[in-house]
Amino acid sequence: MIYSTVDTPIGPFTAVVAADGAVLASGWTGDVDTLIPLIHPSLRPAEVTERSELGAITAAIRAYHSGDLNAIEDIQVDQRSGEFIQQAWKVLRTVPAGQPVTYAQFADLAGRPAAVRAAATACARNPAALFVPCHRVLRTDGSIGGFRWGVPAKRWLLDHETVSPLP
């Protein structure tokens, strides 16, 4: 497994990638040891090697932060969890940039309208931030709520997606 850290406008962003090129974990941190525990045990690497570039993944991270909001869409991810959380993570990848949803709407999109707390749990457990854009989910009252990488980072991402034109 390999990882790389890229400077972004909201701080360092690190991605951990499997041998097949799928993102296993990612987030706004320069500390890869913060990301490793987020990876499901069946996918968790025994060791990771740092690289300066991850090809298409590094390009997508830079392009997204520079305004190409669609750059992250085709990046492969590999995540494991229970059936509902797996489904919820797939659904997160369909929420368009600049069109955030509430946890209640997210639960409905994931096929379980009454499972608002489970939808929130799917966001909280998401190891592949940015590529699985959990930042696009808001509290039912429209407020930002929590974010593993900090509320200021979530605010920046939401503002970035609102201001940046889609290509």
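I started with His 65, which sits in helix α2 (residues 56-65). The model I am reading is a predicted one.

I checked the accessibility of His 65. Its relative accessibility is 7%, and the cut-off for buried is under 20%. So I count His 65 as buried.

Next I looked for polar partners. The side chain of His 65 makes a polar contact with the side chain of Trp 28, at 3.2 Å. I then listed the contacts of His 65, skipping neighbours within four places in sequence. They are Thr 8, Pro 9, Ile 10, Trp 28, Leu 130, Trp 156 and His 160.

I moved on to Ala 129. I found Ala 129 in the loop between α5 and β6. Ala 129 is buried, at 1% relative accessible area. With neighbours within four places in sequence left aside, Ala 129 touches Phe 13, Ser 26, Gly 27, Trp 28 and Trp 149. I also took a distance from Ala 129 to Ala 97, 32 residues apart along the chain. Their C-alpha atoms are 14 Å apart.

Last, helix α3, residues 83-92. Which residues of α3 are buried? I noted Phe 84, Ile 85, Ala 88, Trp 89, Val 91 and Leu 92. They lie on the same side of α3, because they cover an arc of only 160° around the axis. An α-helix has 3.6 residues a turn, so residues three or four places apart point the same way. What do the buried residues of α3 pack against? I found α4 (103-109), α5 (116-124) and β6 (137-138). On the face turned away from the buried side, α3 carries exposed Glu 83 and Lys 90.

Technical notes: Residues numbered from 1 in each chain as written. Predicted model: local features only at pLDDT ≥ 70, side-chain atom pairs only at ≥ 80, totals over all residues. Heavy atoms only, no water. Buried < 20%, exposed > 50% of the residue type's maximum accessible area, 1.4 Å probe, protein only. Helix = DSSP H or I, 4+ residues; strand = E, 2+ residues; numbered from the N terminus. Arc of directions from axis to C-beta. Contact = heavy atoms within 4.5 Å. Polar contact = N/O pair within 3.5 Å; in protein donor to acceptor, adjacent residues only side chain to side chain.
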